[in-house]
Amino acid sequence: MKIKKSNKFVEFFKRFGVYVVAGAIVLAVALTFSITAIVNSLPDAVDVGGPNLKFSLPMTNPTILKDFSSTALQENTTLNQWEAHLALDLQSEDNLVYSVLDGTVTEVKYDYMTGNVVTITHANGLVSYYSSLGEDVLVKVGDTVKGGTQIGKATATANSELLMGDHLHFSMTLNNDKVDPNNYLDLQNK
Ligand SMILES: [Zn+2]
């Protein structure tokens with residue numbers, strides 16, 4: 001009798017256990033969706049600029065050769081492929097490149113695909129990247145710059161976009177995530 005009772009209890013627990021596990025999975029999935037929804041809604045809620053951050057344009061009267069796109073694919077004729085373009089490709093008459101905001105130069109490097117790149121770190125978790133610059137970069141790591149300080153000249157050193165000719169491949173991050181520079185730069189009313 002004792003053994004029989006025990007078996008019944010085990011059977012019951014086994015069935016009960018299934019519901020517990022199923023319940024836990026449902027809760028975990030629901031929680032994941034909730035957290036994802038909260039995280040996704042954060043960037044819009046963050047006050048990135050504020051009235052004290054005054055952006056200037058990285059070029060004078062620039063033409064947008066290729067716009068920012070995080071989802072729609074755009075053709076890269078150099079690499080012969082379609083890709084998201086998490087940056088702006090800009091061109092101007094003199095192709096001189098300026099810092100978009102006060103900040104500190106945190107990296108100056110050459111990369112085969114992106115050419116000469118200057119990285120400037122600003123306030124509020126913002127960083128700006130100036131790619132495809134010529135050899136004559138005018139700043140070095142540690143330099144403090146103002147918005148509008150010339151940092152170099154756009155050329156065609158970025159081999160990944162070689163066929164576009166001389167241009168600036170400009171991108172920005174907010175807390176290490178790529179963001180659309182159009183949200184900060186007034187390119188429509190240049
Ligand atoms: Zn580009």
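Start with strands S8 and S11: they run antiparallel and are joined by 6 bridges. Strands here are DSSP E runs of at least two residues, helices are H or I runs of at least four, and both are numbered from the N terminus; two strands pair if DSSP finds at least two bridges between them. This is a predicted model, so local features need pLDDT of at least 70 and side-chain atom pairs count only at pLDDT 80 or more, while totals for chains, interfaces and linings use all residues. Residues are numbered from 1 along each chain as its sequence is written, and side-chain values use heavy atoms, with hydrogens and water left out.

Now select Ser131 and look across to S11: His169 stands opposite.

Color S8 (residues 126-133) by burial. Of its 8 residues, 7 are buried, so the strand is largely enclosed by the rest of the structure. (Buried means under 20% relative accessible area, exposed over 50%, partly exposed in between, with a 1.4 Å probe and protein chains only.)

Pick Ile120 and you'll find its bridge partner in S8, Ser128. The two strands make a hairpin with 4 residues between them, and Asn124 in the turn has a positive phi of about 60°.

Time for the metal. Select the zinc ion with His85, Asp89, Glu161 and His169: NE2 of His85, two OD atoms of Asp89, two OE atoms of Glu161 and ND1 of His169 coordinate the ion at 2.0 to 2.6 Å. Donors are N, O and S atoms within 2.8 Å of the metal (3.2 Å for Na, K and Ca), and water is not among the atoms, so sites may look incomplete. Along the chain, the donors follow the spacing H-x3-D-x71-E-x7-H. Asp89 sits in strand S4 (residues 88-91) and Glu161 in the loop between S10 (150-153) and S11 (168-174), so this pair ties together parts 72 residues apart in sequence. Asp89 is buried at 0% relative accessibility, and Glu161 is buried at 4%.

Last stop: Phe55 and Tyr184, a tilted aromatic pair with 5.4 Å centre to centre and 45° between the planes. (Rings of Phe, Tyr and Trp, the last by its six-membered ring, pair if their centres lie within 6.5 Å; planes under 30 degrees apart are stacked, over 60 edge-to-face, the rest tilted.) Phe55 is in the loop between H1 (2-45) and S1 (63-66), Tyr184 in the segment after S12 (177-179), 129 residues apart.
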